[in-house]
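Here is a protein chain to look at with some care.

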Amino acid sequence: MGKIIAVAQHKGGTGKTTTCINLGASLCDMGKTVLVVDLDPQASFTVSMGINPLQVEKSIHQVLVDPNVDMKSAILRRPTLNFFIVPAHVDLAMAESELAGRIGREKALHKKLAPLKEDFDYIFIDCPPTLGILVVNALAAADSVLIPIQCEPLTLYGVKHLLQVINLIREEVNPALKIEGVLRTMYDRRTKLSEEVSDSIQQTFGNLVFSTIIYRHVKFAEGPIHEMPINFYASRSVGADEYRNLAKEILTHETQKA
Amino acid sequence: MKLKKPDRSVSNMDVLKDIRGLLSVTRGREDVTADGVRGESSLAAETARLEAQIRYYQELVQKQQAELHRVEGEKEEFAAKLKALGSGKDKLISPASKSAALGEDAAQLEAKIAELSSALSQIDGLLKLRAQELLKRIARLFQEAGQGEVAIEFRKAASELEVVENFAHFLRVLLEQ
Ligand SMILES: Nc1ncnc2c1ncn2[C@@H]1O[C@H](COP(=O)(O)OP(=O)(O)OP(=O)(O)O)[C@@H](O)[C@H]1O
Ligand SMILES: [Mg+2]
């Protein structure tokens with residue numbers, strides 16, 4: 001039985017998509033079967049996988065709004081890896097209004113995704129940097145949330161809000177929702193501030209913080225432009241190693257529970 | 001409850017306390033309304049807290065500005081080094097690899113500067129938001145002090161940025177319809 005992990009943080013650019021890509025790829029490399037659902041109308045994940053979001057035949061958008069389209073029919077597979085993708089399309093931005101007025105609209109994703117837990121070890125949901133029906137759907141469908149926090153003081157306010165949102169979702173929609181972990185990203189070794197924030201995160205979240213820290217690397221920043229961030233993963237870059245360590249930590253979560 | 005002067009370090013940010021409180025709810029979710037009743041003195045306390053927060057943001061702006069200047073200085077230094085490397089290409093040993101490494105550093109600095117600048121404008125935004133909030137609160141304090149309803153309103157608005165307020169409302173509407 002697989003696990004659904006929403007990668008969420010409504011502050012933009014904290015490394016959600018980069019985490020889905022590299023953590024997903026690392027887990028694949030360790031023999032796990034991984035699906036990433038791109039739930040962001042920006043479709044960065046889809047683009048990063050070398051898929052043109054304007055040319056996909058079926059995207060998460062149809063799956064969400066059309067009761068007759070099932071999730072499996074929208075899955076694409078990356079050659080050579082057990083890495084599966086449900087792509088996004090810009091029209092996903094319309095899901096908000098399309099789902100309005102539907103009963104159970106906050107559970108639309110849950111309904112379509114839950115049956116796939118049989119087929120995958122890990123299902124990641126790459127959330128958009130917003131608080132809206134898409135994120136509600138992601139948190140309603142997920143077993144846990146992975147929160148990437150940029151090591152910068154302001155991000156802490158975003159985290160506070162996200163925790164409030166998680167508590168609301170737990171009260172109203174998905175009581176079983178857990179925090180998979182808090183991931184420190186874009187840690188800049190040059191600044192004291194990164195260190196201070198990182199320490200505070202550690203003290204505040206305790207064992208909810210992943211020991212792995214993702215440092216700021218120029219290669220990551222270049223990724224999406226060169227459209228294949230998965231190359232870092234395949235390469236011997238330091239960033240790829242960090243994500244491999246994160247993958248190991250995620251795997252220990254399962255063994256600890258078992 | 002500490003009433004000491006606000007410490008400047010990140011580890012003493014109020015938001016961390018708030019996060020701890022939220023986490024305690026997230027983990028064992030029995031006591032959801034732990035924050036039930038707070039006395040009228042909370043009005044003054046909230047105001048003081050907001051004022052402290054504003055001071056904190058002001059310091060943060062200064063800190064970020066200093067950091068920005070520092071990184072910009074560093075970038076200039078790098079640019080100069082890069083230039084020197086480029087012009088003395090033939091004389092140096094393996095300048096290509098060295099220049100590539102420096103180039104990467106320069107790009108990293110460039111990214112850092114962009115990030116610091118955007119953080120700066122965000123903090124500025126927060127600062128304004130907080131100041132506005134404080135003003136509203138004081139106005140209300142004069143207008144309707146002692147009213148229970150106001151106290152509730154007051155507590156609700158306190159410490160929340162608008163985005164979460166909106167979200168809570170959104171979720172309520174979503175589930176009610
Ligand atoms: N560790 C890192 N070091 C340097 N750059 C990084 C790192 N992680 C991510 N980036 C870069 O920062 C930018 C934002 O990252 P990413 O797209 O993963 O964030 P996001 O949270 O998904 O953004 P959005 O909120 O817009 O969806 C990207 O250009 C990415 O390549
Ligand atoms: Mg993204």
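What follows is a set of questions and answers that put computed values beside the definitions they rest on.

This is a predicted model, in which local features need pLDDT of at least 70 and side-chain atom pairs count only at pLDDT 80 or more, while totals for chains, interfaces and linings use all residues. Residues are numbered from 1 along each chain as its sequence is written, chains are lettered from A and ligands numbered from 1 in the order in which they are written, and side-chain values use heavy atoms, with hydrogens and water left out.

Q: What makes up chain A, in terms of helices and strands?
A: Helices (H or I, at least four residues) and strands (E, at least two) are DSSP runs, numbered from the N terminus, and by that rule chain A has 11 helices and eight strands.

Q: How much of chain A is made up of buried residues?
A: A residue is buried under 20% relative accessible area, exposed over 50% and partly exposed in between, with a 1.4 Å probe and protein chains only; buried residues are 64% of the 258 residues in chain A.

Q: How do you know whether A:C20 is bonded to another cysteine?
A: A disulfide is a pair of cysteine sulfur atoms within 2.5 Å. The closest cysteine sulfur to that of A:C20 is in A:C127, at 7.9 Å, which is too far for a bond. A:C127 is likewise in no disulfide, the sulfur of A:C20 being the nearest to its own, and the count over all chains comes to zero.

Q: Why is helix α6 of chain A described as largely enclosed by the rest of the structure?
A: Nine of the nine residues of α6(A), residues 133-141, are buried, and therefore the helix is largely enclosed. The buried residues include A:I133, A:N137 and A:A141.

Q: What makes β2(A) and β5(A) paired strands?
A: Two strands pair if DSSP finds at least two bridges between them, and five bridges join β2(A), residues 34-38, to β5(A), residues 122-126, which run parallel. In β5(A), A:I123 is the bridge partner of A:L35, and A:Y122 is that of A:V34. β2(A) also pairs in the parallel sense with β4(A), residues 83-86, over four bridges, where A:I85 is the bridge partner of A:V36.

Q: Which way do the residues of β2(A) point, and are they buried or exposed?
A: A:V34, A:V36 and A:D38 point one way, A:L35 and A:V37 the other way, and all are buried. In a regular strand the side chains alternate between the two faces of the sheet. With five of its five residues buried, β2(A) is largely enclosed by the rest of the structure.

Q: Which strands stand at the edges of the open sheet, and why is one side of each left without a neighbour?
A: The eight strands of chain A have the order β3-β4-β2-β5-β1-β6-β7-β8, with mixed pairing. At the edges stand β3(A), residues 76-78, and β8(A), residues 209-215, and because each has a single partner strand, one side of each has no neighbour in the sheet.

Q: Which residues have the most contacts inside the largest nonpolar core?
A: A nonpolar core is a set of buried Ala, Val, Leu, Ile, Met, Phe, Trp, Tyr and Cys residues joined through side-chain atoms within 4.5 Å. The largest has 68 residues, and those with the most contacts inside it are A:L35, A:I60, A:L113, A:I125, A:L163 and A:F205. A second, separate core of 27 residues includes A:I5, A:V36, A:I51 and A:V56.
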